Amino acid sequence: SAAARRPWRLFGAMCLLRLPRITQPLEKEEEEVAALMQQVEGELEKSHYSDHEIRKLEEEEQLKRRRESLYDEDEARGKTVIMAQDLEEKWEQKFLQFKAAPRITDADKSNDRTSLNRKLDSNLMLLVKQKIGNQELWLLPQVEWQPGETLRSTAERAMATFLGDHIQAKVLGNAPYGIYKYKFPRAIRTENNVGAKVFFFKAFLQSSDLSQAELKADYLWVTKKELGDYLKSEYLKKVNRFLLD
Amino acid sequence: DALLGCHRSYRSRPTHGIGKFKYLLPKEVPKKRKEKVQMKEISAGTEYQYGDVNIQMTSYDLCLVERFAQYVHRLCNRLSIQVNESYAMPTKTSEVLFLEERGSKMQLDAVLTSHQRIVQIRGLSSTFAPILLEVIQSNQPEGLHLLVKQHTEADFKSRLKSRPELEELLAQMS
């Protein structure tokens, strides 16, 4: 009924994450532990040899025997021509030819925050400049809730308005991740419009191909640490609560 | 002579059968039975719970897969999610043949084994599921393929081996 209309306006915002493509480099302690574990497993616990290693050992023994005593060639005939050592050398050469892609891309060096290729080892989030009231603010893309639709579809609509329809993003669940509510300044406040509540949802980018034109020109992909440069402190506090690093 | 001792208790003595204990243990009847598969409950509303969910991890590196499966299992233990089973699927070996043509055709073979581990979970609430998924997703190592899906009868059947002789006999009988 009209009398029970709530004074809060509802918004749904979408936090679009691009998952990291490479693992983060290990910390010093992690590297030490990894080296120690390898040593433990290799020497102390006597882990079993793989087929290739057994073959290598056998052939080394054969070579030794041949050199010490002039061994009869009958045994050698039954064996294969290619030795395990040769295989290993072949593999080493192939490995040296292989060139891995650089971890620090061009976008990193130029600190171009609008590209997705930057910071391949951490999560990147989409920030959009929106006009609220009479201020232009950097926010997660948000759109007002229409009665009759779920909050999740509001958030998806927010994503679609800023990035176009064909985004391959996956929302994991129907539950919001966080909420930020604020009251309007007294000048705009009316009885029915005390303030606004923004519900945050999370989505993961499936493909890194954003060839669709962005509708609003001001967008950024930032990591969690760089959020502080753009968001206001209260908003930032609530957003940081649901972000994993 | 009596010191050499045989442990024969006389049947008339009150100490007869003094060392018996098997009658105290609970009775175990070993049965060969097929396990019940369909244990799904979905209740709509705020308490939306998934039934059996399978988290499948595949990779070419055995140690990696095993360690990650251990990690997922321990994580679910700590988050007090009930883990039904955690088992492994049989490994698949695939041969990779390179056909290089530079004058003389060379064939380099490589034999790859792919391993799969499955952790089965029950009682995942829908408010918690996305958080768990995100944690696992962000912690997955390189070279590991993750798949989270609901448990079906087909999944259960894929673990069992088919018996062709039994099926033949059944077909003959009916």
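Select chain A: of its 245 residues, 29% are buried, where buried means under 20% relative accessible area, with a 1.4 Å probe and protein chains only. This is a predicted model, in which local features need pLDDT of at least 70, side-chain atom pairs count only at pLDDT 80 or more, and totals for chains, interfaces and linings use all residues; side-chain values use heavy atoms, without hydrogens and water. Residues are numbered from 1 along each chain as its sequence is written, while chains are lettered from A and ligands numbered from 1 in the order in which they are written.

Colour chain A by secondary structure to display seven helices and eight strands (DSSP runs, numbered from the N terminus: helices are H or I with at least four residues, strands E with at least two). Among its contacts with a separation of 6 or more, 71% are between residues 24 or more positions apart, a contact being heavy atoms within 4.5 Å. Next, show the surface of chain A: the accessible area is about 17,100 Å², with 51% from carbon and sulfur atoms (Shrake-Rupley method, 1.4 Å probe).

Move to chain B, whose four helices and four strands follow the order β-α-β-β-α-β-α-α along the sequence. Of its 174 residues, 22% are buried.

Definitions and conventions
Buried < 20%, exposed > 50% of the residue type's maximum accessible area, 1.4 Å probe, protein only.
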